[in-house]
Amino acid sequence: MSDPSQTSTRTDSVPNSSAIESESSAVHRASGSDPKTLTNRSAASSTPSRNSFGYRRFSPRRIATICTNTLTELTRLKVFYFLLLFGLLLIAGSVFLARFSFQQEFQILKDVSLGAMSIFSSLLAIVATARLIPQDIEDRTIYSILAKPVPRFEYLLGRLGGALLLLAIAILAMSALFLTVLYVREHSVLNETARQMASAPAEQTNQALQAVRASGLNPDLVPVIAIIYIKACLLAALTLFVSTFATTNIFTVMVMVFVYFIGHLQGTAREYWLHEHGADWITRVFLAVVALLFPDLQAFNLVDDAALGHAIPLMIFGKIAALGMFYIAVYTAMAGAVFSAKEL
Amino acid sequence: MKRFLAVAIILLVFGAAKVPAEHALSLSQQRLRLTGAPLNLELRQQLGQLGFVAAFSGFRAVVADLLFIQAHVAWEETEWGRVLLLFRQATTLQPRSVLFWDMAAWHMGWNASVAAMNDPSQPRPALRVKTQREYLSIARDFLERGIQNNPDRPQLYESLGRLYKEKYNDHLRASEYFAQAARLPGAPSYDKRFAAYELSYCEGREAEAYEALRRLYDLGERERLPTLITRLKVLEEKLSVPPEQRIPETAKAQ
């Protein structure tokens, strides 16, 4: 028995042909030609921005079409809803985990919620992206797409863009719930504190209320959530790269799980490799390989300190975001390089 | 094959380019104490394999919170050894959490130490006192290590001051820690007063304490609290301050 959702996914896997072909129609209309005879004059119409067939070498519109289609396809996956639901349940449930003093309660709420956002967005990034290329090959939709004037790199960018949009939706949903829960708890604690301290001097009441506000909702959480998103995007880009040479979905997921764990220890391996010169050469080569090949995922882990209310300078956020973008760009470029040579 | 080799080389070249950036970022994070627990065998032994893996997969804070909740449950069941073990693990994982250090010290210094003195299973008072001292020493150790990891936060200095004041009756050290807390940003306004109060109990430091209390008194009505006035009057007597220099008799004492 086939799963209806899977069936609908497969039929939707081929991006809207009219959208992709509309550009070619526009080219034909402009030249007043029949598309079938276009190849004969291809050489004449070739310009730096167009290929020998008269199509744009790089078209954001084509990428957007594939991206939208990928997003539609991914949002119909049950795994997306399961992961999102688990994430949302964990965030909502963290309120009931334990009742301590307000500082302890807020710290636990933030730790658990941001931790849930981090793990579920990472899982979603890996699981959703790992299936994109193998599934398209299995369903043979990739042949329909690449038979149209869609360069392989655009196909990859569109696929990755769809996965990143999905991650953005998941992070936004989890953030909205987390911030709402925190806001509601903070106001409830503020009211409780104000009531308890009604007879205390105004200075003491203000200090107590200030302490509650400092432990609760603060703007520092926004960059932390952004970093969680960038980490998930980096994992998605790396997963896409692995899936360009992997043959099955499960292989990609397994490789990425290992990468995830090694990535969190890469910093330790790198520092040991850079500073510990007493180790034997086998150890040093091993550490060098780990340091050079794997991303430093621990650098993106600001959740622990943000939950404690420690001020993290925007400069640090900026550096981490820039490093994340750099990783994403390089992994996507390498995915493009491998995929362009892949025999389909 | 050639393409895969090319990709491997690109990966290594990319690695060589990214390592300095990662190292610089890591140094910036270390300077700001954002790097968390160091990876070593002691931590591995403390946490067990699963906890260790979880802690280094980006869930250090969550694992520490779970240990903290377990410690809370162990406290409710008055399993002091377990409370100590769990707090050691939680503080090792989250050394920047002032709350964990403070709670660990409070449980050891105020709960476990009192329970040790009232332990019906220990008939010898000397051994009860010995156990109590051990718990107090553990509480002090938690606070001192907490301060080493969070030198910029006033709460732990304040807690150490309170421990010296209430458990060791060491007013001089209590005063020093309250004064250190008062100097840090975000310290509550009472830390300055507490430092002066504690100094007023120290033999030979009365003049200094009187000056500190008087300075606070002169700040205005907000600082003229009953304890401050009482301590000032005690010191005026002790130091034989001339009547014209004393605070008015109408000032409310506790």
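Author: Chain A has 15 helices and zero strands. Keep in mind that this is a predicted model.

Reader: How much of chain A counts as buried?
Author: Of its 344 residues, 53% are buried.

Reader: And what share of the contacts in chain A comes from residues 24 or more positions apart?
Author: Such pairs make up 78% of the contacts in chain A with a separation of 6 or more.

Reader: Which residues touch the most other members of the largest nonpolar core?
Author: They are A:Leu114, A:Met117, A:Tyr155, A:Phe178, A:Phe241, A:Phe300 and A:Tyr331, out of 96 residues in that core. Helix α11 (residues 221-245) of chain A gives the most to this core, namely 16 residues.

Reader: Take A:Leu114. What is it in contact with, leaving aside neighbours within four places in sequence?
Author: A:Leu114 is in contact with A:Phe178, A:Leu221, A:Val224, A:Ile225, A:Ile228 and A:Val303. Another core, of 43 residues, lies apart from the largest one, and B:Trp80, B:Trp101, B:Tyr135 and B:Leu160 are among its residues.

Reader: Staying in chain A, why is helix α7 described as largely enclosed?
Author: Helix α7 (residues 132-139) of chain A has eight residues and six of them are buried, so the rest of the structure largely encloses this helix. The buried ones are A:Leu132, A:Ile133, A:Pro134, A:Gln135, A:Asp136 and A:Asp139.

Reader: What follows α7(A)?
Author: A:Arg140 does, and its phi is positive, near 70°. A:Arg140 is not a glycine. Most residues other than glycine have a negative phi.

Reader: Where does A:Arg140 lie, and is it buried or exposed?
Author: A:Arg140 is in the loop between α7 and α8 (141-147) of chain A. With a relative accessible area of 56%, A:Arg140 is exposed.

Reader: What about B:Ser240, what is its phi?
Author: The phi of B:Ser240 is near 50°, again a positive value in a residue other than glycine. B:Ser240 sits in the segment after α10 (226-239) of chain B. At 56% relative accessibility, B:Ser240 counts as exposed.

Reader: Back to chain A. Where is A:Cys67, and is it buried or exposed?
Author: A:Cys67 belongs to helix α4 (residues 60-75) of chain A. A:Cys67 has a relative accessible area of 12%; the cut-off for buried is under 20%, so A:Cys67 is buried.

Reader: What does A:Cys67 touch, not counting residues up to four places away in sequence?
Author: A:Cys67 touches A:Gly158, A:Gly161, A:Gly162 and A:Leu165. As for A:Phe80, 13 residues apart from A:Cys67 along the chain, the C-alpha atoms of the two are separated by 17 Å.

Reader: Now chain B. How do helices α6 and α7 pack?
Author: The axes of α6 (residues 154-166) and α7 (residues 171-183) of chain B come within 8 Å and cross at roughly 165°. That angle makes α6(B) roughly antiparallel to α7(B), and α6(B) passes α7(B) in a left-handed crossing.

Reader: Which residues meet there?
Author: From α6(B) there are B:Pro154, B:Tyr157, B:Glu158, B:Leu160, B:Gly161, B:Arg162, B:Tyr164 and B:Lys165, and they meet B:Arg173, B:Ala174, B:Tyr177, B:Phe178, B:Gln180 and B:Ala181 of α7(B). By class, this contact has eight nonpolar, two polar and four charged residues.

Reader: At what angle does α4(B) pack with α6(B)?
Author: Helix α4 (residues 98-117) of chain B packs with α6(B) at an angle of about 10°, and their axes are 10 Å apart. That makes α4(B) roughly parallel to α6(B). In α4(B), residues including B:Trp101 and B:Trp110 take part, and in α6(B), residues including B:Leu156 and B:Leu163. The contact divides into five nonpolar, three polar and three charged residues.

Reader: One more pair. How do the axes of α3(B) and α5(B) cross?
Author: The axes of α3 (residues 80-93) and α5 (residues 125-149) of chain B come within 12 Å and cross at roughly 10°. α3(B) and α5(B) are therefore roughly parallel to each other, and the crossing is left-handed. The contact is made by B:Trp80, B:Leu84, B:Phe87, B:Arg88 and B:Thr91 of α3(B) with B:Tyr135, B:Ile138 and B:Phe142 of α5(B). By class, six of these residues are nonpolar, one is polar and one is charged.

Conventions
Residues are numbered from 1 along each chain as its sequence is written. Chains are lettered from A and ligands numbered from 1 in the order in which they are written. This is a predicted model: local features need pLDDT of at least 70, side-chain atom pairs count only at pLDDT 80 or more; totals for chains, interfaces and linings use all residues. Side-chain values use heavy atoms; hydrogens and water are left out. Axes are lines fitted to C-alpha atoms, for helices over the stretch in contact, and angles run from 0 to 180 degrees between N-to-C directions. Helices (H or I, at least four residues) and strands (E, at least two) are DSSP runs, numbered from the N terminus. Angles under 35 degrees count as roughly parallel, over 145 as roughly antiparallel, 65 to 115 as roughly perpendicular and the rest as oblique. A crossing is left-handed if the near helix is turned anticlockwise from the far one by less than a right angle, and right-handed if clockwise. Contact means heavy atoms within 4.5 Å. Ala, Val, Leu, Ile, Met, Phe, Trp, Tyr, Cys and Pro count as nonpolar, Asp, Glu, Lys and Arg as charged, and the others, Gly among them, as polar. Buried means under 20% relative accessible area, exposed over 50%, partly exposed in between (1.4 Å probe, protein chains only). A nonpolar core is a set of buried Ala, Val, Leu, Ile, Met, Phe, Trp, Tyr and Cys residues joined through side-chain atoms within 4.5 Å.
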